[in-house]
Amino acid sequence: MATGRTHRPATRSRGIPEATVARLPLYLRALTALSERSVPTVSSEELAAAAGVNSAKLRKDFSYLGSYGTRGVGYDVEYLVYQISRELGLTQDWPVVIVGIGNLGAALANYGGFASRGFRVAALIDADPAMAGKPVAGIPVQHSDDLEKIIQDNGVSIGVIATPAGAAQPVCDRLVAAGVTSILNFAPTVLTVPDGVDVRKVDLSIELQILAFHEQRKAGEEHPDGTAPPAAAREESDESADQGPDGDVPAVMPA
């Protein structure tokens with residue numbers, strides 16, 4: 001069985017833009033739902049609507065994969081599932097360690113979507129001695145003293161950090177030193193990593209704050225009599241406020 005330590009996704013070498021890479025999982029989720037319903041083909045318009053993007057952007061994204069569909073027929077669902085899975089590196093096994101088995105870490109360990117998407121939780125790690133040996137999602141928690149050995153023994157290249165903020169950077173440093181080259185960070189802090197290490201940050205409080213900003217802006221756009229402005233005016237305002245220099249909505253993913 002192949003592991004993440006010996007194989008890397010082909011996206012960078014193929015020159016696929018990062019913005020396209022970020023949308024590929026959205027397409028894959030929509031396509032998987034179609035596949036589960038035994039839908040054989042899908043048009044770019046239907047798939048774009050299901051993924052939440054416009055059809056022109058979808059066709060451009062798929063052109064980087066060398067997939068152009070068939071006029072009057074659309075895209076073959078099963079082939080696209082395979083093609084996108086291959087580009088994302090999901091046709092192989094990626095062992096993952098989760099460090100920090102509090103409420104969030106335990107919830108991640110119990111998430112059933114990892115295995116179906118090409119990821120295997122190889123180990124759960126926590127610094128609390130009382131947690132050692134305790135099963136979570138059927139996996140015994142191991143003590144952080146053994147972190148380096150666990151990573152080496154399991155050939156892990158992807159680490160998930162779900163620790164408190166103060167512990168995140170030291171954990172990150174140990175993961176990187178042990179050979180981890182990709183990190184998903186749930187801790188509410190910014191991590192410093194060397195070149196060649198990828199970090200994706202998930203901060204739910206920041207996402208909620210962004211939603212609060214938009215709610216406040218929508219409330220401020222209401223007329224003095226409490227009614228909302230015409231739809232056309234709202235759309236024009238939203239486009240001018242949300243678009244970046246190149247006309248795309250900027251990604252909301254803090255570094």
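**Which side chain does Lys149 meet in a salt bridge?** The partner is Asp153, and the gap from N to O is 2.6 Å. Keep in mind that everything shown in these close-ups comes from a predicted model.

**View 1. Lys149 and Asp153 pair up along helix α7.** Here we look at the salt bridge between Lys149 and Asp153. Side chains of opposite charge can pair when their charged atoms come close. These two residues sit four apart in helix α7, so about one helical turn separates them. Lys149 is exposed, and Asp153 is exposed too.

**View 2. Arg59 reaches across to Glu45.** A search of the whole structure turns up eight salt bridges, and this is another one: Arg59 with Glu45, where the closest N and O atoms are 3.6 Å apart. This pair ties together distant parts of the chain, with Arg59 in helix α3 and Glu45 in helix α2, 14 residues apart. How accessible are they? Arg59 has 36% relative accessibility, so it counts as partly exposed. Glu45 comes in at 48%, so it gets the label partly exposed as well.

View 3. Now for a salt bridge out of the solvent's way: Lys201 and Asp203 bring their closest N and O atoms to 3.7 Å apart. Lys201 has a relative accessibility of 5%, so it counts as buried.

**View 4. Helix α4 has a set of buried residues.** Helix α4 covers residues 77–87, and its buried residues are Val77, Leu80, Val81, Gln83, Ile84, Ser85 and Glu87. What covers them? The elements include α1 (18–36), β1 (41–42), α2 (44–51), α3 (55–64) and β2 (75–76). At the start of α4, a side-chain oxygen of Asp76 reaches to within 3.2 Å of the backbone nitrogen of Glu78. Just after the helix, Gly89 takes a positive phi of about 80°.

**View 5. Asp93 meets Arg120.** You'll find Asp93 in the loop between α4 and β3 (94–99). Its relative accessibility is 12%, so Asp93 counts as buried. The side chains of Asp93 and Arg120 are joined by a polar contact of 3.1 Å.

**View 6. Seven strands line up in an open sheet.** Read across the sheet and the order is β5-β6-β4-β3-β7-β8-β9, with mixed pairing. The edge strands are β5 (135–136) and β9 (198–201), and each of them pairs on one side only. Strands β3 and β4 (residues 119–126) run parallel, joined by six bridges. Look for Val97, which stands opposite Ala123 in β4.

**View 7. Two helices pack on the sheet.** Helix α7 (residues 147–154) touches β3, β4 and β6 (139–143), and its direction makes about 165° with that of β4. Helix α8 (residues 165–178) packs on the sheet as well, touching β3, β7 (158–161) and β8 (182–185). The direction of α8 makes about 170° with that of β7.

Technical notes:
Residues numbered from 1 in each chain as written. Predicted model: local features only at pLDDT ≥ 70, side-chain atom pairs only at ≥ 80, totals over all residues. Heavy atoms only, no water. Buried < 20%, exposed > 50% of the residue type's maximum accessible area, 1.4 Å probe, protein only. Contact = heavy atoms within 4.5 Å. Polar contact = N/O pair within 3.5 Å; in protein donor to acceptor, adjacent residues only side chain to side chain. Pairing = 2+ DSSP bridges. Axes fitted to C-alpha atoms, helices over the stretch in contact; angles between N-to-C directions. Salt bridge = Lys/Arg side-chain N within 4 Å of Asp/Glu carboxyl O.
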